[in-house]
Amino acid sequence: MAFRDVLNIEVAAGNGGDGSMSFHRAKYLEKGGPDGGHGGRGGNVILRAIEGVESLERLVGKRKFKAENGRYGEGRLRQGADGLDIYIDVPVGTTAFDEESGKVIADLVQVGQEKIIAKGGLGGRGNSTFTSSTRQAPRFAELGTPGQKRRVRLELRLIADVGLVGYPNAGKSSLLAALSRANPAIADYPFTTLSPILGVVQREDERGNSLDERFTMADIPGIIEGASEGKGLGLEFLRHISRTRLLIYVLDVTRNPVEELQQLQGELRAYDPTLLDNVALVALNKVELVEADLAQMVEDELAEQGLPVVQVSAKEGTGLATLRETLFQMLPEFELWAQSNALEVEPDTVVEEALNIVFREDPPAKGETQPERVWEVHGGGFEERIMRFSRYLEDAAEYLGNLFKRQGLYNALRRAGAREGDTVEIGTFRFEYFDDEE
Ligand SMILES: Nc1nc2c(ncn2[C@@H]2O[C@H](COP(=O)(O)OP(=O)(O)OP(=O)(O)O)[C@@H](O)[C@H]2O)c(=O)[nH]1
Ligand SMILES: [Mg+2]
């Protein structure tokens, strides 16, 4: 299966169901009370990290994800069912960005972790809700709100404890194969590995029995000098070791390991300087190909760089037990490492527009001589509120008028200079201002 680590998708949460406008009907009963039930909420779109997948590949071909709408309410106070949530299963290490704003909306670093990335709409309330002492038969109900829709960019950065970096042919894949059960392609030509591969490394006692301690190790394509300028396969794949706790520089003892280490570190620095802050060690590979004295000389020279060095031969198996044990001892014990390294999710800011009242004069209405005084109301959440009754505006007018008054709209209008008889306009909804405070 091909490896894919970036993918753009579209997600749409379900709309909320409308509240019902209904009156009780029964034999012999001419006119019953209001009995419209509430609408259900719309389903959410949820991103979930699951085990056993290491690529976004399986999502390809299905770029649109829509959750179910909430059902509308019905008579006899029957509530509409909520829309079902849908889950998008992704590998651990997947980050989701809102394409428009570029903000991080989810960063899943643990198996089972989930995050809503598109929120379902709210259900509307049925007409039975809106009864009061003066309104026994409300002929209106609330509509549901639309579900959130957005374009999302998914980016995978594998979550591994240890990352292998090195020049092509240094033996990274051979080391992964020798230390874990992973089965990466190994060959004596450069860029054998084309996409990251994960393996699980188990601790062993002196006799080679497996202990109940393990870490994950990521093998990535080789890096050459100039990779930061796009040479070879470039540095794209360094993304997958940007969250490791420990780096292994794999060097071929028969090439120029001291120089290669410096070049490698230079490329890493060009990609992300913090990569060099990682705990790291050198695996000096293919030592069976040179005299022990030479290997020791190289080791000493490398050690001057300040990194621990372990001599190994992935081919013959020498040094592997030492390397394995060294890794277990060096791995920093950050219990909450994954969480502490998760990107911060920026909450969806519901930008409630500030209330803004604008005065205008329209030409006199028919049969009038004075110009019509109109107060346009923008923001403050009033337009949204009206949208929720748009199908019933005439019948809901009195309810809305009272609601807006309680919410301080009349006071704001009075302060702005509104007078009895003026027109208040909120979107397409118009009503007459009256001042009953004095
Ligand atoms: N002699 C010897 N050869 C080795 C050793 N380790 C790996 N090799 C050989 O080196 C060649 C490259 O090994 P790989 O493991 O594919 O190297 P890599 O670093 O993963 O290479 P890329 O995926 O191309 O970056 C293969 O022919 C291996 O058999 C070793 O310890 N000794
Ligand atoms: Mg390889």
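Predicted model: local features only at pLDDT ≥ 70, side-chain atom pairs only at ≥ 80, totals over all residues.
Me: Start with ligand 1. Which residues come nearest?
Reply: K172, S174, F191, T193 and E288, out of 24 residues around ligand 1.

Me: What is the make-up of that shell by class?
Reply: Ten residues are nonpolar, nine polar and five charged.

Me: Which helix gives the most to the shell?
Reply: Helix α1, residues 172-179, with three residues.

Me: And what lies 2.7 Å from an oxygen atom of the ligand?
Reply: A backbone N or O atom of F191. A backbone N or O atom of T192 lies 2.8 Å from a ligand oxygen, and for a polar side-chain atom of N285 the distance to a ligand oxygen is 3.1 Å.

Me: Of the area ligand 1 exposes alone, how much does the protein bury?
Reply: 90% of 650 Å².

Me: Switching to the open sheet of four strands. What's the order?
Reply: β15-β16-β17-β18, with mixed pairing.

Me: How do β16 and β17 run, parallel or antiparallel?
Reply: Parallel, with three bridges joining β16 (residues 372-378) to β17 (residues 423-426). E376 has E425 in β17 as its bridge partner.

Me: Which strands does helix α8 touch?
Reply: β15, β16, β17 and β18. Helix α8 covers residues 409-416, and its direction makes about 130 degrees with that of β16.

Technical notes: Residues numbered from 1 in each chain as written. Chains lettered and ligands numbered in written order. Heavy atoms only, no water. Pairing = 2+ DSSP bridges. Helix = DSSP H or I, 4+ residues; strand = E, 2+ residues; numbered from the N terminus. Contact = heavy atoms within 4.5 Å. Axes fitted to C-alpha atoms, helices over the stretch in contact; angles between N-to-C directions. Near = heavy atom within 4 Å. Polar contact = N/O pair within 3.5 Å; in protein donor to acceptor, adjacent residues only side chain to side chain. Areas by Shrake-Rupley, 256 points an atom, 1.4 Å probe, with all protein chains shown as cover. Nonpolar A, V, L, I, M, F, W, Y, C, P; charged D, E, K, R; others polar.
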